[in-house]
Amino acid sequence: MESKQEKRKGWCWWILVLAIAAMVVASAILTIWNNFRHSKVSSVPDRPGKIAENYAEALKIAIQFFNIQKSGKLVSNKIAWRGDSGLEDGCEEKIDLSKGMYDAGDHMKFGFPMAFTATMLSWAILEYGDHMKAVKQLSNAQASLKWITDYLINAHPSPNLLYIQVGDPDLDHECWERPEAMTEKRPVSQVNISFPGTEVAAETAAAMASASLVFKKINSSYSNLLLKHARELFSFADTYRGSYSVSISQLQSYYNSTGYGDELLWAASWLFHATQDESYLRYVTLQNGDTFANWGTPTWFCWDNKLAGTQVLLSRVNFFNTTEISDEENIGLQMYRKTAEAVICGLLPDSPTATSSRTDSGLIWVTEWNPLQHAVASAFLAVIYSDYMLTSNTDTLYCSGKYYKPADLRKFAISQVEYVLGNNPMNMSYVVGYGSNYPEYVHHRGASIPVDAESGCHNGFKWLVSLDPNPNIAVGALVGGPFLNETYIDDRNNTKQGEPTTYNNALLVALLSALLTTSSVVSSFA
């Protein structure tokens, strides 16, 4: 038998072997971890870094357009050629609809695109408010947002009723006058239980829910009020389903809706972010994802179709959410993220699935009417997705055999905004007031008529056909944009190319805010 001393030596030997083995394993794990870390993208700063001064200047200019579009009793008016207008809007129904913003170059208040304007401003502030603050534009963006949400609150006097329009578009378009001089009747239109409008009610719910997050820390009572309206409006939209284009057929010639499923998903997504109520997550995944999400099929993000925006917004949950989510809900979120990636892959110019909907110079181009909307919206989705990747240390995006880094997505977004700001075959900035060469005959009534001119509804048309440039500069207005052949006709009657819209500017403000600098996005809006 072995002696006790020999046994002790044997045990010591095995302990030494095990210790060395443990050190080897630990070293290997550390090496693998270091390699893994280095395969990830480099960390991004928590706070804004160096500011891109050209984008800061463009942002400052673009935000000014919201002041030009304001209706109502103006407070601290910064636009010399604008004054109070629309003060009696809503009086027929004994409600105050004087605030809000005029839709475009006319004097209509269309609730559907106006609500989308508010939602996009909110999204921009929530993701990039620190960027805006660094260039002293955050308070201006918040003030513009509140001017719209004040109007939307008044437009929703009871749970199942929403006023969605001020003015008769047919009558309005028979006039060419300054908003301060309007004399024609301005009737209001509503959706309700008998005449539903799911898409406009849901978009307004999205606007209210997203805005409630913006004001949560700076005006809690206002934030709670917005959230109350958002919940009620979503319930109204979902319970009484029907298209507002059917209920109010006149709108088919102006802002015709192609469906309401996307707005229901969009609104529920924003309500989930605003409340963390899992019922809204179930709504977009288990209950209505198969019906409305169109998973796997890329779409264009715009005032009428919110699917691509919803897919990116819900990808945020998949990237950053730390709360308990069921396996079934997680599968749904993965489908949204997969579809968002299909959208982004289609935008990248050298991707195997790159869309052919672009000009020879690379601008995303989908329609003759207001083509820059899709270019700017697409660029925003690309840059925000790249920032989700950076913040989550996600190295690459896979596109049918090729891999792309966050920098590739950002490069695409920069190409679009650079085109908008003047790097295009026309050598023209499509943002009025930016650069030295921009449209001078913008299709905009207030800009086209001298402040001291006496013009009524009909005799103001001489200013529409005038050969002189607009006497008032619509600073910040993003016009419709170029034709597919990349030409632009600077003519006041050219509404396809030369009419600005508030929602276009909201998209532009979002894009410019994202590109101001590089920093991580917040993991939660709450």
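The following paragraphs describe the cysteines of this structure and the bonds between them. The model is a predicted one, and it holds 2 disulfides. A disulfide is a covalent bond between the sulfur atoms of two cysteines.

One of these bonds joins C175 and C457, whose sulfur atoms are 1.9 Å apart. C175 belongs to the loop between helix 5 (169-172) and strand 3 (188-191), while C457 belongs to the loop between helix 16 (445-448) and helix 17 (461-464); the pair therefore ties together parts that are 282 residues apart in sequence. The torsion about the S-S bond of C175 and C457 is about -80 degrees, so this disulfide is left-handed. Buried means under 20% relative accessible area. C175 counts as buried because its relative accessibility is 2%, and C457 counts as buried because its relative accessibility is 15%.

A disulfide is also formed by C345 and C399, with their sulfur atoms 1.9 Å apart. Since C345 lies in helix 13 (residues 327-347) and C399 in strand 4 (residues 397-399), this pair ties together parts that are 54 residues apart in sequence. With a torsion of about -80 degrees about the S-S bond, the disulfide of C345 and C399 is left-handed. Both C345 and C399 are buried.

When bonded cysteines are counted along the chain, the disulfides follow the pattern 1-4, 2-3. C91, by contrast, is in no disulfide; the nearest cysteine sulfur is that of C175, 17 Å away. C91 has a relative accessibility of 43% and therefore counts as partly exposed. C302 has a relative accessible area of 10%, so this residue is buried.

Conventions. Residues are numbered from 1 along each chain as its sequence is written. This is a predicted model: local features need pLDDT of at least 70, side-chain atom pairs count only at pLDDT 80 or more; totals for chains, interfaces and linings use all residues. Side-chain values use heavy atoms; hydrogens and water are left out. A disulfide is a pair of cysteine sulfur atoms within 2.5 Å. Helices (H or I, at least four residues) and strands (E, at least two) are DSSP runs, numbered from the N terminus. Buried means under 20% relative accessible area, exposed over 50%, partly exposed in between (1.4 Å probe, protein chains only).
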